[in-house]
Amino acid sequence: MPRGTLEVILVSAKGLEDNNFLSSIDPYVILTYRTQEHKSTVQEDAGSNPQWNESFLFTISDSASELNLRIMDKRKFRKDDSLGEATIPLDAVLEEGTLLETAYNVVKDQEFCGEIKVALTFTPEVGDSYGQNAEGESYGGWRESSREF
């Protein structure tokens, strides 16, 4: 498993369930990778189509292969409500390095309840990229011999 830094750009969501009677929902997102957790800002009165455009960094150093997003509604006088969750597999970004803005399904009680859009960038640790040995020499390419015949 590669080691490095995962940058998650939380862009927006759409189609979230807005079941508040007197006001719009105040959504925020809790992003979790293993034991690392980040929380976005609360988008007050954003309703079912909030926009964040925020960036978060995670350290990748083990074999966990997914990022979890929990979308919440901030409540003033009681416990925050869950609006749904999205699970993002990380295999593609770990191989490719970058995934442009992509929409992922938000699910609550096994039912579709909106989508959330994120962009991902993985930066491997120096000396940890595939196809390099411990000294950083690349394999598979032509290399001129230093020996003269």
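Biologist: How many salt bridges does the structure hold?

Modeller: Start with the idea. Side chains of opposite charge can pair when their charged atoms come close. A salt bridge is a side-chain nitrogen of Lys or Arg within 4 Å of a carboxyl oxygen of Asp or Glu. This structure holds seven salt bridges. It is a predicted model: local features need pLDDT of at least 70, side-chain atom pairs count only at pLDDT 80 or more, and totals for chains, interfaces and linings use all residues. Residues are numbered from 1 along each chain as its sequence is written, and side-chain values use heavy atoms, with hydrogens and water left out.

Biologist: Which parts of the chain does the pair Lys14 and Glu115 tie together?

Modeller: First, a term. Strands (E, at least two residues) are DSSP runs, numbered from the N terminus. Lys14 forms a salt bridge with Glu115, with the closest N and O atoms 3.7 Å apart. Lys14 lies in strand E1 and Glu115 in strand E8, so the pair ties together parts 101 residues apart in sequence.

Biologist: Is Arg75 buried or exposed?

Modeller: Check the cut-offs. Buried means under 20% relative accessible area, exposed over 50%, partly exposed in between (1.4 Å probe, protein chains only). Arg75 has 19%, so Arg75 is buried. Asp81 is partly exposed, at 25%.

Biologist: What do the side chains of Arg75 and Asp81 meet in?

Modeller: They meet in a salt bridge, 2.7 Å from N to O. Asp73, Arg75, Arg78 and Asp81 are linked in a network of salt bridges.

Notes. Helices (H or I, at least four residues) and strands (E, at least two) are DSSP runs, numbered from the N terminus.
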